[in-house]
Amino acid sequence: MKRRTLAIAAVTAVTLALAAPPASATTTARPATAAPAVAALAAPDVQVSNVQAHLAQFQSIATSNGGNRRAGSAGYTASVAYVKSKLQAAGYTVTEQTCTSCTYQGNNVIAEWPQGPATDVVMFGAHLDGVAAGPGINDNGSGSSVLLENALVLAQQNPTMSKRVRFAWWNGEEQGLQGSKFYVNSLTTAQKGYIKGYYNFDMVASTNGGYFINRVTSTTAAPLKAYWDSLGLSPEENTEGQGRSDDYSFQQAGIPTSGYAMGASARKTSSQASKWGGTANAAYDPCYHSSCDTTSNINATGLNRSADGVAYAIWDLAVGGGTPTNDFSVAVSPTAGGVVRGGSTTATVSTATTSGSAQTVALSASGAPSGVSVSFSPSSVTSGGSATMTVSASSSASLGSFTLTVTGTGSATRTASYTLTVTGTGSCTGGQVVGNGGFESGTSPWTATSGVITNSSSQPANSGSYKAWLNGNGSTSTETLSQSVTVPAGCSSYALAFYLHIDTTERTTTVAYDKLVVQIGSTTLATYSNLNKASGYTLRSFDVGAYAGQTVTLKFTGTEDASLQTSFVVDDVTLQAS
């Protein structure tokens with residue numbers, strides 16, 4: 001029997017996270033006066049979407065391996081394999097170094113770009129392991145993914161190198177910096193002397209984060225600081241992280257160190273909130289070492305700034321001559337569109353020269369379903385120009401939502417995504433898609449944690465007697481409610497709706513200790529928490545037309561920490577197609 005405690009009834013004024021981070025995760029700094037251009041801004045723009053794709057892989061690895069990527073676990077081993085495979089495919093010399101002295105024996109991954117003098121090395125590292133409590137996406141999938149994408153960009157650009165660049169992903173950081181200590185201790189005195197600087201990246205996407213640099217006033221930190229200064233961020237010293245991450249292992253060996261961080265469990269000051277945005281007196285990362293450290297716990301703006309700052313440092317420190325590499329970007333507007341069988345739609349593909357000189361860019365597309373063709377007019381442009389993309393669907397084209405990858409090929413390859421929804425002509429079957437949405441007909445077709453579907457009088461239903469009551473235990477728990485739904489194709493409207501009631505005994509007004517995540521397919525529609533308390537039920541609704549013609553899972557996941565209950569009560573779930 002669940003231990004439930006009624007508190008002030010609460011229902012949320014929710015922040016939507018439709019296919020994007022929560023609002024707190026996209027907080028940007030206040031506008032700053034323009035800073036002078038920095039020379040190494042000729043470094044390539046690292047696409048944050050690619051970094052996020054690595055984070056999604058780490059999340060998937062954790063989900064498939066007991067929910068975490070702790071050192072010594074199957075999740076950690078799979079993370080090593082993922083990183084290694086990407087690096088080897090890009091042309092890196094990759095070494096797995098087994099840390100025999102680590103609490104959980106596992107491998108460091110060391111990858112060296114085989115250009116530049118081997119006696120003149122700059123090194124970039126991040127710990128690859130997480131804690132047992134969760135998937136470890138900000139801590140430290142964020143640093144690991146930023147470095148992985150930078151390594152891949154460096155290989156793709158293949159510039160002339162003035163120094164050797166070495167990347168590392170560490171085992172056993174969470175047990176006391178064990179993997180990096182093992183590596184440093186394995187080096188000879190001469191090998192330590194070859195490393196002119198070590199740069200560490202640990203938690204670089206905290207949702208309420210700040211902009212911190214290790215040893216911010218040092219010569220070693222200069223390129224990292226120069227990039228963030230160019231954005232008007234005024235970074236501060238990483239006092240919270242001193243001696244707590246892998247740079248310390250190198251510092252103890254006399255190797256100059258620096259690195260980026262955005263903060264862990266320490267609290268943001270009022271002056272920092274004024275300068276950078278976010279919430280004062282709240283943790284930089286409210287999900288630090290917790291189960292909620294998922295892909296929803298990522299500040300995309302900070303992640304992007306960290307990734308580009310690493311690229312700036314690599315180009316500033318190790319790319320010979322500082323000659324800008326010719327590069328360009330590709331974008332599609334709008335980023336999504338629909339087409340009816342037998343019809344067509346258009347979008348504009350724009351290019352821009354991001355460094356060096358303009359170049360010819362050939363356009364192509366992949367990912368189109370059966371019966372759909374994509375053409376470009378013109379088929380190639382000079383970077384800075386644009387083309388019209390026409391998407392045409394035959395009368396028998398596959399129905400549903402699909403992601404097209406638009407590719408520009410020049411001296412480099414750059415991509416952009418376009419979401420296409422194909423619908424039928426007059427084929428909408430319409431009606432209610434969710435079965436037993438009021439929970440009055442037993443549990444089928446829902447799959448739920450035991451006791452979630454209930455007629456307990458302690459929490460009233462919105463209508464009838466039954467509802468789904470997630471959490472409310474006052475102890476650490478994860479409870480789920482899900483149903484597979486087939487969304488018909490060819491309709492003009494797809495409205496998912498449900499009534500939600502939340503109450504809590506949590507007293508904080510700043511920290512989301514308990515959460516309810518609503519998902520359909522691979523999309524997180526919304527995240528609710530103990531901070532959203534209000535009385536009564538509130539109707540929540542979403543457009544889910546992107547899933548037309550598909551069978552997907554509708555899922556509610558409630559997580560609760562070790563004390564002070566929060567109840568998430570769901571009733572009258574509908575998905576109306578018309």
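Modeller: This is a predicted model. In it, C99 and C102 form a disulfide, with their sulfur atoms 2.0 Å apart.

Biologist: What makes the pair C99 and C102 a disulfide?

Modeller: The cut-off is a pair of cysteine sulfur atoms within 2.5 Å. The sulfur atoms of C99 and C102 lie 2.0 Å apart, so the pair qualifies as a disulfide.

Biologist: Why is the disulfide of C99 and C102 called right-handed?

Modeller: The torsion about the S-S bond is about 90 degrees, and the disulfide of C99 and C102 is therefore right-handed. Both cysteines, C99 and C102, are buried.

Biologist: How many disulfides does a search of the whole structure find?

Modeller: The search finds two disulfides. The link of C287 and C292 is left-handed, with -120 degrees about the S-S bond.

Biologist: Why does C287 count as buried, and why is C292 called buried?

Modeller: Buried means under 20% relative accessible area. C287 has 0% relative accessibility, so C287 counts as buried. C292 has a relative accessible area of 16%, which is under 20%, and C292 is therefore buried as well.

Biologist: Which residues lie nearest the centre of the second largest pocket?

Modeller: They are D202, N238, G241, R244 and S245, from a lining of 27 residues. That lining divides into six nonpolar, twelve polar and nine charged residues. About 400 Å³ of space lies in this pocket.

Methods: Residues numbered from 1 in each chain as written. Predicted model: local features only at pLDDT ≥ 70, side-chain atom pairs only at ≥ 80, totals over all residues. Heavy atoms only, no water. 1 Å grid on protein atoms, 1.4 Å probe; cavity = no way out; pocket = protein on both sides within 12 Å on 5 of 7 lines; lining within 4 Å. Points joined across faces, edges and corners; volume = space filled by probe spheres on them. Nonpolar A, V, L, I, M, F, W, Y, C, P; charged D, E, K, R; others polar. Buried < 20%, exposed > 50% of the residue type's maximum accessible area, 1.4 Å probe, protein only.
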